[in-house]
Amino acid sequence: MKRCRAAAAPAAFRRSVILATTLLALLAAPALAQRGLRQIPMNRPNSVVGGVVNLPFMMNDNNGAQWRIYQNGWLQQVGNMPIYSQGASILVNGNQPAQNNNQARFDEKTGEVVLDNLNGNGFTVTRRILINKDEGYVRYIDIIKNTQGQDQTANVTIQTNLNYGVQNAQTVNDPKKKDHNIGWVAQTGAGPSAVEVFAGRGSKLTPTVNWPQGNNYVQANMALTIPAGKELAVMHLHATAATQDAGIQLMDKLKESQIMRSIAIEFRRLIVNFPSAQGFIGDVEVLRGELLDVIELRTGDQFKGTLKETVFDLQTFYGPVSVPVDKVVGIINVGQFRPRQLVVTADGQVFGGLLKKQTVDLLLSSGQLTQVPLSQVSRVGYRKRTGETEEWNFEGKSLVVMRSGERMIVQMPPTGVEVATRYGKLTLAPQAVAAVVLQNEESGVHEVRLTDGSRFAGLLTADTFTMKLDAGGDQTVKFPTSAMARIQLAGRVVDSDDTTPTLRLANEDLLVGKLVGELSLDTAFDTIGVSAAQIRSLTHAKESPLDIQVTLWDGTTLSGQLQGQQLACQLQSGVAMNVPVSLVEEYSQPQPQPSPSMIERIKLVIKDLNADDWKQRDRSKATLVTMGPVAIGVLKELRKDQPEEAQKAIDEVLKELSSQTRSPKAPSPPAPGPGVPGAVLNIDN
């Protein structure tokens, strides 16, 4: 009996201590909150002790799966039919960055597990890992620092191994850039699919995604050039879905802008494989109210109410600008000694200058109207309006971006754009110009990009550009060329394919178009006339930079020196250029024009597509197919003048010939048919 009472006493004492501790914590919480001290989040994992977690770190999501983070930061999934065996491993230049201990840090502000300064042989890697319980994915931000005294290239590989073999997989492309991979969805033998996102839509840097058929792993490869002593970051997401289609839908619904907003700005601006979140101008976030408008002072105080401004008149270095209130979402005061104002609109335009009115009128919730001096203001934000877009999109719009950070949507200029180039002075139609990059870090010249995909170096000859703003009203401004960083006119670039003719030059310019005119080639035995339209390829001979080798439509090759020193090139955007032969590295025309005799033969065969006898029509189609891809251009040209049935037959032939162009070796041109004069090789002078 005594032993029982002795054991009960400590238990009662422990219960009283726990009760007293709980009461003290409840009483202290308001005091802590009043003093501005951080309380421990309710969802803080139990394994966190003093901000340090032992690995593996474990957390369940709301879908019933448990995620585990192991040493060096790779993840594993545990539960019913887990998909991930060893996911999100990172390699830098083939080496896995490693740590010497089996612990990580828990960031209470963000809820991330942080592995600091993993050693990577000339690099250090910090991995910030967030397990999003509500949405069931794991987000990685890998910060890679160059610890050397010179710039380095970091070949980064993110590798995932699955528990089950891949039955079927699909890389997901950027809808804005069809040739850019942004993720991977794999149907596994277990049923569910692995979903991995390696880049954001619209990102300039996207990975190469490799997944060998029949294996259970995937690799995403990216190359980063990191300056000496600097750091960059890549972000990637890992999740599961019930089916492959559900995984693709999950990626389609993913809001990169929301993900980026949830990341602290010091890390967000390091990420290179996702576009920056909307709502930031440089490093400053555009202030927005929820139910009320808001003014933030330099002291950090905020006043909320209803802004009563009617118009924002700015004096800029490119002229006076008036921005209607209904277009404005925020104002940012920048500069310490002589601040200027950045007026931000709902469609992402930024106008910089000095506001004519030096106060901001705000009607407080109390009904009092107060005038806040601009000199005291840090940011001004309007409440969010219904119908605002999630993403700022400037595709297809004419845009001017200044070196000082402003960007304005403008109307297409009515006159041509004059550019001094290596190929002479050009006057480009504005509709043919995708963009001109004036702030070129690699050289002192501008880079001209045309809508057909051509790009070449040059200099804008105009000192100023007079343009009309799209900010409302009839407002005309003059942009100094020296102050512009980029001018976008047509914006969009037509996607090229396997049939697109291109001319690569030694100065890294790329011209998308075809050679035109007649060439005279001095060979070892004679001067031969060559029609530029019949050239399949043209390259410099290996033995001499003055000699060239020409391959014609039928496979004939000729070597020698051109009598003229320039090649006439007609770009697909309509621009005509004369290119020095000495600059040419390679010309490729997948669909050269055949000789006149071959064209006549194609015309004769096409006539039989209209024959009454179906056997004759079938023979005609078969003959056209045997002619090979060289007939594609002629068939497309002749199609429009044919009856409906013949057009359908030509479409079938074109489909077959297009598949031949994608095969390793296209069929050779046929011998001349009966009744057709001349030979297959016909070089017209």
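Contact here means heavy atoms within 4.5 Å. With that in hand, here's a quick tour of this predicted model. The protein has 685 residues, and 45% of them count as buried. On the secondary-structure side, there are 8 helices and 48 strands. Among contacts with a separation of 6 or more, 60% are between residues 24 or more positions apart.

**Helix α5 on its own**

- Helix α5 covers residues 596-607, and its end C-alpha atoms sit 17 Å apart.
- That agrees with expectation, because 12 residues at 1.5 Å a residue should span 16 Å.
- Which residues of α5 are buried? They are Ser597, Met598, Ile599, Arg601, Ile602, Val605 and Ile606.
- A handy reminder for reading that list: residues three or four places apart in an α-helix point the same way, because there are 3.6 residues a turn.

**α5 against α6**

- Two packed helices are described by the angle between their axes and the distance between the axes.
- For α5 and helix α6 (residues 614-626), the axes come within 8 Å and cross at roughly 155°.
- Angles over 145 degrees count as roughly antiparallel, so α5 and α6 are roughly antiparallel to each other.
- The hand of this α5 and α6 crossing is left-handed.
- From the α5 side, Arg601, Ile602, Val605 and Ile606 make the meeting, and their partners in α6 are Ser620, Thr623 and Leu624.
- Zoom in on Ser620, which belongs to helix α6.
- Is Ser620 buried or exposed? Ser620 is buried, because its relative accessibility is 2% and the cut-off for buried is under 20%.
- Skipping neighbours within four places in sequence, Ser620 is in contact with Val605, Ile606, Asp608 and Leu609.

**α5 against α7**

- Helix α7 (residues 632-639) also meets α5: their axes come within 11 Å and cross at roughly 50°.
- The residues involved are Ile599, Ile602, Lys603 and Ile606 from α5, which meet Val634, Leu635 and Leu638 from α7.
- Ile602 and Ile606 of α5 turn up here with α7, and they also meet α6.

**Arg379, a buried arginine in a strand**

- Arg379 sits in strand β28, which runs over residues 377-381.
- Arg379 counts as buried because its relative accessible area is 15%, and anything under 20% gets that label.
- What lies 2.9 Å from a polar atom of the Arg379 side chain? It's the backbone oxygen of Glu285.
- Leaving out neighbours within four places in sequence, Arg379 is in contact with Val284, Glu285, Leu287, Val294, Ile295, Glu296 and Ile331.

- Ala346 is in the loop between β24 (340-345) and β25 (350-355).
- Its relative accessibility is 30%, so Ala346 counts as partly exposed.
- Ala346 and Val329 are 17 residues apart in sequence, yet their C-alpha atoms are 5.6 Å apart in space.
- Setting aside residues up to four places away in sequence, Ala346 touches Lys327, Val329, Thr389 and Trp392.

- Leu55 and Pro56 are joined by a cis peptide bond, with omega at about 5°.
- Pro56 falls in the loop between β1 (52-54) and β2 (57-60).
- Asn93 isn't a glycine, but it has a positive phi of about 55°.
- You'll find Asn93 in the loop between β5 (84-92) and β6 (103-107).
- Asn93 is partly exposed because its relative accessible area is 35%.
- Glu508 is another residue other than glycine with a positive phi, near 75°.
- Glu508 lies in the loop between β39 (502-505) and β40 (510-516).
- Why does Glu508 count as exposed? Its relative accessibility is 64%, and the cut-off for exposed is over 50%.

Note on methods. Residues numbered from 1 in each chain as written. Predicted model: local features only at pLDDT ≥ 70, side-chain atom pairs only at ≥ 80, totals over all residues. Heavy atoms only, no water. Helix = DSSP H or I, 4+ residues; strand = E, 2+ residues; numbered from the N terminus. Buried < 20%, exposed > 50% of the residue type's maximum accessible area, 1.4 Å probe, protein only. Polar contact = N/O pair within 3.5 Å; in protein donor to acceptor, adjacent residues only side chain to side chain. Expected span 1.5 Å × (residues − 1). Axes fitted to C-alpha atoms, helices over the stretch in contact; angles between N-to-C directions. Parallel < 35°, antiparallel > 145°, perpendicular 65-115°, else oblique. Left-handed = near helix turned anticlockwise from the far one by under 90°.
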